[in-house]
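This report walks through a set of charged pairs and one further residue. The sequence and structure come first, and the description follows.

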Amino acid sequence: MNRTSTHPIQLILIFLIVYVSFVFSLSCPTVLEKFVDRLPLPRTLPSASSYSLTISQISQKLHRDLPRTVLWGIEGSFPGPTIEARTGSAIRVTWKNRLPNDPLIPTRSIMPHDHGHPCRIVIHLHGGKTRPESDGHPQHTTIPGHNIEFTYDNDQPAALLWYHDHTESLTRVNVYSGISGLYILRDDIEDKLDLPEKSYEIPLVIQDRVIDLLTGQLVYPYEWPAEMFGDTVLVNGVIYPYVEVKPRIYRFRVVNGCNSRFFNISLSNAQSFYQIGSDGGFFNETVTLKSILLSPGERADLLIDFSSNAGETIELLNDANAPFPNGDPTVCIPTNFFQFRVSNSSTSCVRGCTIPNSLVPSNKPDTSEVAEVRDITLSEAMDDFGTPMFSLLQGKRFRDPIIDFPVINTTEIWRFINLSPDSHPMHLHLVHFYVLDRTLFDVGRYVTTKTLKLVSDPIPAEPSEFGPKDTVRVDPNSVTRILVKFSGYLGDYVYHCHILEHEDNDMMRPFRVIAPKKPKTT
């Protein structure tokens with residue numbers, strides 16, 4: 001964050017504000033021993049056409065050496081149970097709010113209009129092509145003792161989706177409290193691909209938290225922090241776990257479920273791994289990587305070949321700055337956060353024994369079909385000391401009138417123009433899109449004249465972004481272009497930054513998908 005001051009008193013105030021924002025992540029403690037807990041696998045619900053899932057207050061062991069932690073879970077667990085569905089087969093989910101009337105994490109209201117119940121919730125199926133009434137709109141909430149029923153049509157290709165709370169002004173604390181889980185969509189095309197399955201397909205939900213080491217309880221600031229960076233990493237709800245694998249190929253379904261932290265993931269032995277899909281489904285071809293950068297909300301479908309690693313111990317590493325990309329010297333980086341223990345035992349392989357080359361034909365729209373180019377600015381409103389008060393899209397707040405009206409079944413290019421010093425993961429509801437490129441621009445000129453002057457050649461999408469996406473990293477001083485077709489349903493949706501502290505503090509805007517205008521009759 002850029003901060004300025006002109007007086008010693010202001011310097012002290014700035015220090016205190018920075019301290020409030022980052023005190024919970026000044027250093028990454030090593031008090032808790034790493035890799036002593038086995039990786040748990042979220043329970044997969046039996047296949048059904050309808051589910052009734054209860055959200056309630058629970059307690060759960062997050063580490064061998066910690067007391068049980070009080071959380072908000074789904075069906076008694078954090079993360080919640082995995083829903084597995086098939087393309088073309090709709091399911092109905094009744095979300096039952098059985099939370100207490102007092103919040104697990106008390107926070108000061110950051111919105112003048114926020115007078116709702118402190119334990120209200122609404123679930124969004126992130127990545128779902130969902131009707132507006134079932135999308136989990138931030139204002140369509142339910143309070144303790146009440147239910148809300150959503151239908152998911154599953155009219156989209158196989159992909160790893162995830163569900164999480166999406167309540168206006170409370171998403172950051174509700175998700176931090178534990179309200180999230182996986183939703184795996186499968187189809188006939190995936191069935192025909194020769195990929196690892198069953199015990200060789202492992203989900204990895206990566207989240208960070210601050211834990212009181214004496215009580216085992218979650219810690220989160222009462223005042224709104226610009227971002228929230230935990231000093232402890234959990235995978236599938238356990239702190240620094242390990243998993244035992246055999247010397248063969250495994251498929252890992254990875255979700256960055258953090259509030260604010262980016263992860264740049266690599267293997268400690270520097271070997272390559274393979275990406276076969278991202279947020280919205282499979283790539284056209286397999287991509288070979290040494291590392292992958294995942295912002296909050298993004299997913300990756302990865303293959304790791306342990307065939308030559310019998311008897312070895314390999315760790316997942318992270319070196320992403322926080323905030324990303326420039327970092328803050330007071331914010332620690334959790335480096336090695338997960339461990340693979342490769343057994344010596346040989347195993348016969350029946351399915352998923354080789355790394356595939358070709359995967360699924362691309363459905364990327366043609367740029368010649370573009371009906372409109374839409375510019376979206378990203379900015380931060382500062383106080384007199386240069387400290388962010390709230391974040392904005394197009395210079396507007398969430399409850400300002402709708403100004404974006406894409407027409408159903410048309411294709412648009414959205415240009416995200418980032419005026420802020422941080423990267424923002426921008427997420428669009430309803431649709432999937434393709435990342436085109438990023439281009440540097442003259443920020444000062446844009447701020448003073450509203451003229452967009454590009455100062456570099458376009459930088460193509462990264463290999464890890466080649467497939468269908470619903471969340472894109474928008475870097476500072478750059479214009480990020482995405483190609484998006486608005487297919488699906490008419491109605492009101494939202495797009496927003498998936499840094500949850502930003503989303504809650506107005507970096508979210510509505511859009512309305514409308515029908516085409518009828519031609520005038522003569």
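Glu-190 and Arg-186 are both buried, where buried stands for a relative accessible area under 20%, exposed for over 50% and partly exposed for values in between, with a 1.4 Å probe and protein chains only. Their side chains meet in a salt bridge with an N to O distance of 2.9 Å, a salt bridge being a side-chain nitrogen of Lys or Arg within 4 Å of a carboxyl oxygen of Asp or Glu. Side chains of opposite charge can pair when their charged atoms come close.

This is a predicted model, in which local features need pLDDT of at least 70 and side-chain atom pairs count only at pLDDT 80 or more, while totals for chains, interfaces and linings use all residues. Residues are numbered from 1 along each chain as its sequence is written, and side-chain values use heavy atoms, with hydrogens and water left out.

The structure holds 36 salt bridges. The table lists three of them.

| Pair | N to O distance |
|---|---|
| Glu-190 and Arg-186 | 2.9 Å |
| Arg-253 and Asp-301 | 3.5 Å |
| Lys-469 and Asp-279 | 3.2 Å |

In the pair of Arg-253 and Asp-301, which meet in a salt bridge, Arg-253 belongs to strand β14 (residues 249-256) and Asp-301 to strand β19 (residues 299-305), so the pair ties together parts that are 48 residues apart in sequence. Strands (E, at least two residues) and helices (H or I, at least four) are DSSP runs, numbered from the N terminus. Arg-253 is buried with a relative accessible area of 4%, and Asp-301 is buried with 5%.

The salt bridge between Lys-469 and Asp-279 also links distant parts of the chain, with Lys-469 in the loop between β27 (459-460) and β28 (471-474) and Asp-279 in the loop between β16 (273-278) and β17 (281-289), 190 residues apart. Lys-469 is buried at a relative accessible area of 2%, and Asp-279 is buried at 0%.

A network of salt bridges links Glu-84, Arg-186, Glu-190, Glu-201, Arg-251, Arg-253 and Asp-301.

Ser-423 sits in the loop between β24 (411-418) and β25 (424-428), and this residue is buried, with a relative accessible area of 1%. Its side chain is joined to that of Asp-475 by a polar contact of 2.6 Å, meaning a pair of N or O atoms within 3.5 Å; within protein, one must be able to donate a hydrogen and the other to accept it, and residues adjacent in sequence count only if both atoms are side-chain atoms.
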